[in-house]
Amino acid sequence: MANNVHAQSTATAVLDPVIAPGHDFETVTEAVAQIPLARRTPLGWVFGFLIAFALLMGLQLALGNLLLTGIGIWGNNVPVGWAFDIINFVWWIGIGHAGTLISAILLLFKQQWRMSISRFAEAMTIFAVACAAIFPIFHTGRPWLAAYWLFPYPNTMGLWPQFRSPLIWDVFAVSTYATVSVVFWYVGLVPDLATMRDRAISTFKKRVFGVLSLGWRGSARHWHRYEVASLILAGISTPLVLSVHTVVSFDFAVSVLPGWHATIFPPYFVAGAIYSGFAMVLSLAIPIRAAYRLEDFITMRHIDNMAKVMLATGLMVGYGYVMEAFFGWYSANQYERFMIWNRMTGPYAWSYWTLISVNIGMVQLLWFQAVRQNLKLLFVVSLFVNFGMWLERFVIIVTSLHRDFLPSSWGMYYPTRWDLLTYFGTIGLFLTLFFLFMRFVPMISMFEVRTLLPQAKVKPEHHGGH
Amino acid sequence: MAHAAPHENPLYGVMAEFDSVQALVDGSKRAVAAGFTRMEAYSPIPVEELNDIIHKKRTKLSTLTLMGGLTGMATGFGLQYWASAIEYPMNVGGRPYATWTAFVIPSYELTILFSALTAAIGMFALNGLPQPYHPVFNVERFSMASSDKFFLVIEAHDPMFDHGATTRFLQEQGAKGVYDVAA
């Protein structure tokens, strides 16, 4: 990688190294470790944190009112019985997928560029899953009773949850996903926490990092078991991440509702999840690398690769939209045909066509290297993709429900201000957690980035004579 | 401090500091060739070769994880089968009680959950973590083992261990410094 020293101009971005030249073990460690160890909190951090925290307080307010008043404060009602709660749930869960994809699937494929972005992509996953969990838990209205309805625990009548229901599958899939993501993240953090312990100056930080690093000392035996464990975790997270959004799509696909009852849903949902997840990673990485001057570790190569993954998954999602329309026509079923026609021309046509123009139209910009190398433009594109994927769930859920089989049951859905406050509140929760993460946790995996350096290489056995 | 009378002073071993991963690997190879058996290498990055050179055997973590995963699968399937077909069989539209196809999904998720927890907890447990105290931390320079320095410790209970000779041996391997490790 050292021979790519000159690869700075945008035209040769493909050759950009995954780590800028001139680094050694110490400079890598210092660049990352000094951020959480700094005594002074940057002003920009304080400013951003306050905005995020204010939104989080909005979430408190919205959920407090929900518990006191009941779920009637939300706008969903027959025929649109599922609305913002499930739209936002699916949106957040989807965003979470990029973290596991980067840390697990790209590890199995030995993609070195994943190393410097995996830590914060995994953090993003955990925080996104936490935001997602808010919706199914609170839509029960009485979350302290939800354990009876969600977890395999019989109620007072001895009745168990319905194991044949996709909603229960979802509980298993999402809670497994949350647990495994946290475990994977923490296992990845331990050697870096040991570095923090060894570099901290204040006794308090030394103690905290000391306890969290569990006494890690980096012995050959430790590392051997560690590497085996990481590989196993990556290996089992790969089928996990693919199964999670598949199971989420079963919530829809297993029903008999036109617009939901489609076999394309599992792969189409998984592609959409990765698409929105990479958009969120880009939306976070672009400002962070500039704010913390991490351009040496998150190079244009990373940005370019992520944009390409976004393009590829975006095209799969686009294929999904085309197939939905095709199925509606080819099914020869009047309800299916009406549904897709209504989606395109009915009262929610604006949402469908906005979705198509973002996720099929705008994403084509990523074919051009000039766009992939233009950080400002790419940042805007990634925000639009996040918006587009939110809109996709809105279209799938609301337009499929609002025209019931009988015209007498037709209706419209309008979110209330509590719906909106809950949604923006979860964005506040996500950003608050992310700001805390940036301030207190090394956000790039130091030990993995060190292994990218030439001095980490050992000469092969048969040349090793002295 | 530890220079006087090594046999009375509790000594964990002798630690050599190296500047590069290559020097550590070469040093470990020569220590093994010289006949030392109780030693450990410490590095800020995973170095696959070191385990093969020093410990020569692979961990049984993979087998443990497989067993954890199978336990998870059996738990998931057993729980659903027992609850739906034995404990509270409920007739919903004449469908069978033991609908195994539907039970596959929670069983699959529990397989993954149990394997992941076994892999992570097993790794920490086999490594003896959490471990609040270890003698290597008594050496001040060892704080660099998590940043950019490499260490080889020959332990005092090695049959070949001799304080003076082992120190000299490590110095000859190109160590940047050799330190006594208090137990």
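User: Which helices of chain A are included in what covers the buried residues of H11(A)?
Analyst: This is a predicted model, in which local features need pLDDT of at least 70, side-chain atom pairs count only at pLDDT 80 or more, and totals for chains, interfaces and linings use all residues. Residues are numbered from 1 along each chain as its sequence is written, while chains are lettered from A and ligands numbered from 1 in the order in which they are written. Helices are DSSP runs of H or I with at least four residues, strands are runs of E with at least two, and both are numbered from the N terminus. On that basis, the cover over the buried residues of H11(A) includes helix H10 (300-330), helix H12 (349-361) and helix H14 (375-401) of chain A.

User: Which residues of H11(A) are buried, and why are they on the same side of H11(A)?
Analyst: A residue is buried if 20 or more other C-beta atoms, placed from the backbone, lie within 10 Å of its own, exposed if 12 or fewer do, and partly exposed in between. The buried residues of H11(A) are Met339(A), Ile340(A), Asn342(A) and Arg343(A). They are on the same side of H11(A) because the arc they cover around the axis, taken from the directions from the helix axis to the C-beta atoms, is only 160 degrees.

User: Which exposed residues does the face of H11(A) turned away from its buried side carry?
Analyst: The buried side of H11(A) holds Met339(A), Ile340(A), Asn342(A) and Arg343(A). The face turned away from that side carries the exposed residues Gln334(A) and Thr345(A).

User: Is Pro347(A) counted as exposed or partly exposed, or buried?
Analyst: Pro347(A) is found in the loop between H11 and H12 of chain A, and its C-alpha atom is separated by 8.6 Å from that of Met412(A), 65 residues apart along the chain. Because Pro347(A) has 14 C-beta neighbours inside 10 Å, its class is partly exposed.

User: Which element gives the largest share of the side of chain B that touches chain A?
Analyst: Two residues are in contact if their C-beta atoms, placed from the backbone, lie within 7 Å, and the contact takes 57 residues from chain B and 53 residues from chain A. Elements giving two or more residues to the side of chain B include helix H1 (21-33), helix H3 (61-87) and helix H4 (100-126) of chain B. The largest share, 17 residues, comes from H4(B).

User: How far apart do the C-alpha centres of domain 1 and domain 2 of chain B lie?
Analyst: Chain B is divided into domain 1 (11-58 + 134-182) and domain 2 (61-126), with bounds from an automatic or database domain assignment. The distance between their C-alpha centres is 45 Å.
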